[in-house]
Amino acid sequence: MFDLIIRSLTQRKMRTGLTIFGIALGIFAVVVMDGMSEHMNLVVDRSLKLMADNIQVQPDGTLGGIGSLDESKVRQVKRVPGVQDAHGVLIASLDPEGGGGFGGGDMVFGVLPEKQLKDAKLAAGRYLVPGDGYRAVIGSSIARKFNLKVGDELEIKSKRMQRTSSITSTRNVSVVGILEYTGSIFDSAVQMPLDRAQKFYGMENTVSFIYAKPAPGADPEELAKRIELSVEKVKSESPDTLRKMFQGQLVIFSLITISAAMLAAIIGGLSVMNTMLMSVSERTKEFGLLKALGAERKSILFMTMGEAAFMGVIGGIAGIAAGWITVYFLNSVFLSSQGSALFSITPRLAAVALLFAMVLGIVCGTYPAYRATKMSPMEALRYE
Amino acid sequence: MSENGNNDNGREPILRIRNLTKTYMQGKIPVHALNDVSFEVKKGELISIVGPSGSGKSTLLSMIGLLDRPTGGSVFIEGKEITKANEGEAPKIRREKIGFVFQHFNLLPSLTAFENVDIAMRFSGIPRSRRKERATELLTQIGLGDRLKHRPSELSGGQQQRVSIARAMANHPAIILADEPTGAVDTKTREIIVGILKELSEKGQTILVVTHDMEVAGQTDRIITMRDGRIARDTESDMK
């Protein structure tokens with residue numbers, strides 16, 4: 001039966017080709033848009049993994065942005081029963097004039113050298129050590145973007161408002177270490193000693209976040225609540241809450257990208273339906289003949305739906321291939337200009353896209369197939 | 001010609017038609033396409049059904065071939081009432097008991113002569129090797145052994161009709177129903193087609209031919225003449 005399906009499709013090459021192109025275009029959109037969403041998911045996932053099980057403490061009333069906390073709060077957090085350790089981190093934009101760009105842009109993290117991120121391996125150089133001055137460990141994207149090696153200088157900028165004008169100051173920091181690619185926000189991060197960062201950004205005794213490490217056996221959820229009760233004007237998020245928060249934000253992003261892609265794919269699906277309706281109408285006599293020859297309804301159904309599914313699968317494969325090539329090309333462009341990739345095509349995404357293409361083909365082929373099976377053989381044979 | 005209402009020549013009837021009626025509604029007016037038609041056909045008979053346009057010849061063939069359902073009456077093939085078959089049973093009866101030959105051949109244009117014969121056996125679940133053997137044998141028998149891979153567009157009208165006959169024969173049907181099989185071919189080809197039908201009949205194949213052509217009818221064993229949905233005359237041909 002499969003050979004009949006292929007025969008029927010190849011007999012109408014132009015129409016079949018255009019329909020497959022329609023599906024491929026839709027699946028291409030699904031792959032590229034979802035590739036972006038998938039990449040964001042991966043970045044958040046890996047970033048949260050690197051942050052380990054720390055509770056994030058920030059000023060109360062901060063909504064998504066970066067606030068500032070008095071450093072004395074670090075000591076207060078440390079005193080909360082169940083907290084094993086706590087440290088503050090100051091976060092600033094590497095280039096306040098340059099805008100965020102995709103994924104929030106490049107950031108400077110002021111950290112205590114002994115608390116710096118050590119789960120990420122070094123590709124070159126060393127980690128920060130106590131006593132380091134204006135020295136930095138940079139992420140792989142920063143190194144690539146600014147073409148930096150260990151020993152090179154990186155310019156950091158700060159922008160301060162004074163009355164009605166803003167003053168921008170710059171300073172060079174020496175790169176002492178470069179991290180391996182992590183696929184997280186730390187690829188776009190510059191880690192430098194906290195005290196120097198506070199001084200440079202004019203934020204002495206101030207931190208943006210406090211990270212509290214729960215003592216063994218302490219429940220992070222309960223501890224987060226206890227910190228909020230014990231320390232004034234802070235809110236704290238457990239790793240789970242943080243994960244849910246990020247995922248919630250990503251869901252909206254994913255919904256927007258997936259909806260746009262689905263729309264494109266559904267248009268592709270409608271082209272399958274249109275093609276199949278035309279095909280069924282043209283082949284009325286053929287179906288009548290097949291019935292006269294003893295074909296059962298399920299055989300006719302299988303043939304017509306098989307054609308639609310086949311076009312869906314071929315369109316899906318073509319769309320995934322085109323999407324993969326495009327994403328590969330765009331990623332290399334972004335890697336050279338921004339230092340980081342923007343899309344990720346995972347096997348899961350490819351499988352979902354292919355399945356979606358096939359289901360789309362089958363669903364859109366169902367009605368035409370139903371019409372084909374409904375015809376009375378005599379009427380179909382008389383059809384001109 | 002001699003009157004032959006009973007056709008009692010010693011053979012068992014392979015087809016029995018009992019009080020068959022078919023009424024269409026043309027707006028609010030009922031049209032009796034078939035009106036109490038009854039007759040029997042013995043195995044191996046070559047019968048022609050003649051009559052003016054609208055007399056019910058093709059409607060009768062559609063009822064016997066289960067392409068349409070009668071309003072009343074019964075059709076029995078090999079003793080089994082096929083008019084009672086439901087939608088699920090009808091395809092099996094069509095492929096096992098009936099072979100169709102159409103005026104305009106109705107071959108699938110994208111398939112070769114061989115594949116057009118083969119497709120009739122596919123729905124019966126016959127293994128590929130047996131189908132290949134049977135299709136080749138049938139096409140060779142009707143003189144198209146060298147045209148197996150030709151598509152309908154590469155065959156003459158007569159050759160296409162011969163492929164159509166081979167297709168009708170593929171599943172060893174009880175009856176072949178031929179609707180104007182010579183209606184779209186020239187005189188010379190007509191003789192070839194009729195010759196093939198006669199040969200098949202002589203080998204025991206039962207064939208009902210609807211035709212306008214009295215030359216064709218005259219070469220069959222029996223002529224049923226229809227008028228206004230009824231059998232006007234049922235005679236044995238003495239011209240065969």
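Val83(A) lies in strand β3 of chain A, which covers residues 83–93. The model described here is predicted.

**Val83(A) and Val77(A)**
- Val83(A) has 22 C-beta neighbours inside 10 Å and therefore counts as buried, the cut-off being 20 or more.
- Beyond its neighbours within four places in sequence, Val83(A) is in contact with Val77(A), Lys78(A), Ala212(A), Pro214(A), Ala215(A) and Leu223(A).
- One of these partners, Ala215(A), is 132 residues from Val83(A) in sequence, yet the two C-alpha atoms are 5.3 Å apart.
- Val77(A), with neighbours within four places in sequence again left aside, is in contact with Val57(A), Val83(A), Ala86(A), Ile210(A), Ala212(A), Ile227(A) and Val231(A).

**The largest nonpolar core**
- The largest nonpolar core contains 168 residues.
- The residues with the most contacts inside this core are Ile27(A), Val77(A), Val190(A), Ile210(A) and Ile227(A) from chain A, together with Val117(B) and Leu208(B) from chain B.
- Helix α2 of chain A (residues 13–50) supplies the largest share of this core, 14 residues.
- Domain 1 (2–45 + 246–382) and domain 2 (61–232) of chain A each give at least three residues to this core.
- In soluble globular proteins, nonpolar side chains tend to be buried together.

**Chain B overall**
- Chain B has seven helices and eleven strands.
- Of the 240 residues in chain B, 48% are buried.
- Taking contacts in chain B between residues at least 6 apart in sequence, 71% join residues at least 24 apart.

**Helices α3 and α4 of chain B**
- Two packed helices are described by the angle between their axes and the distance between the axes.
- For α3(B) (residues 113–122) and α4(B) (residues 128–141), the axes come within 9 Å and cross at roughly 125°.
- These two helices, α3(B) and α4(B), are therefore oblique to each other, and their crossing is right-handed.
- From α3(B), the residues Ala113(B), Phe114(B), Val117(B), Asp118(B) and Met121(B) meet Arg131(B), Arg134(B), Ala135(B), Leu138(B) and Leu139(B) of α4(B).
- Val117(B), one of the α3(B) residues that meet α4(B), is also among the residues with the most contacts inside the largest nonpolar core.

**Contact between the chains**
- Contact between the chains involves 16 residues of chain B and 15 residues of chain A.
- On the chain B side, the elements that give two or more residues are α2 (90–97) and α3.
- The largest share of that side, four residues, comes from α2(B).

Methods. Residues are numbered from 1 along each chain as its sequence is written. Chains are lettered from A and ligands numbered from 1 in the order in which they are written. This is a predicted model: local features need pLDDT of at least 70, side-chain atom pairs count only at pLDDT 80 or more; totals for chains, interfaces and linings use all residues. A nonpolar core is a set of buried Ala, Val, Leu, Ile, Met, Phe, Trp, Tyr and Cys residues joined through C-beta atoms within 7 Å. A residue is buried if 20 or more other C-beta atoms lie within 10 Å of its own, exposed if 12 or fewer, and partly exposed in between; C-beta atoms are placed from the backbone. Domain bounds come from an automatic or database domain assignment. Two residues are in contact if their C-beta atoms, placed from the backbone, lie within 7 Å. Axes are lines fitted to C-alpha atoms, for helices over the stretch in contact, and angles run from 0 to 180 degrees between N-to-C directions. Angles under 35 degrees count as roughly parallel, over 145 as roughly antiparallel, 65 to 115 as roughly perpendicular and the rest as oblique. A crossing is left-handed if the near helix is turned anticlockwise from the far one by less than a right angle, and right-handed if clockwise.
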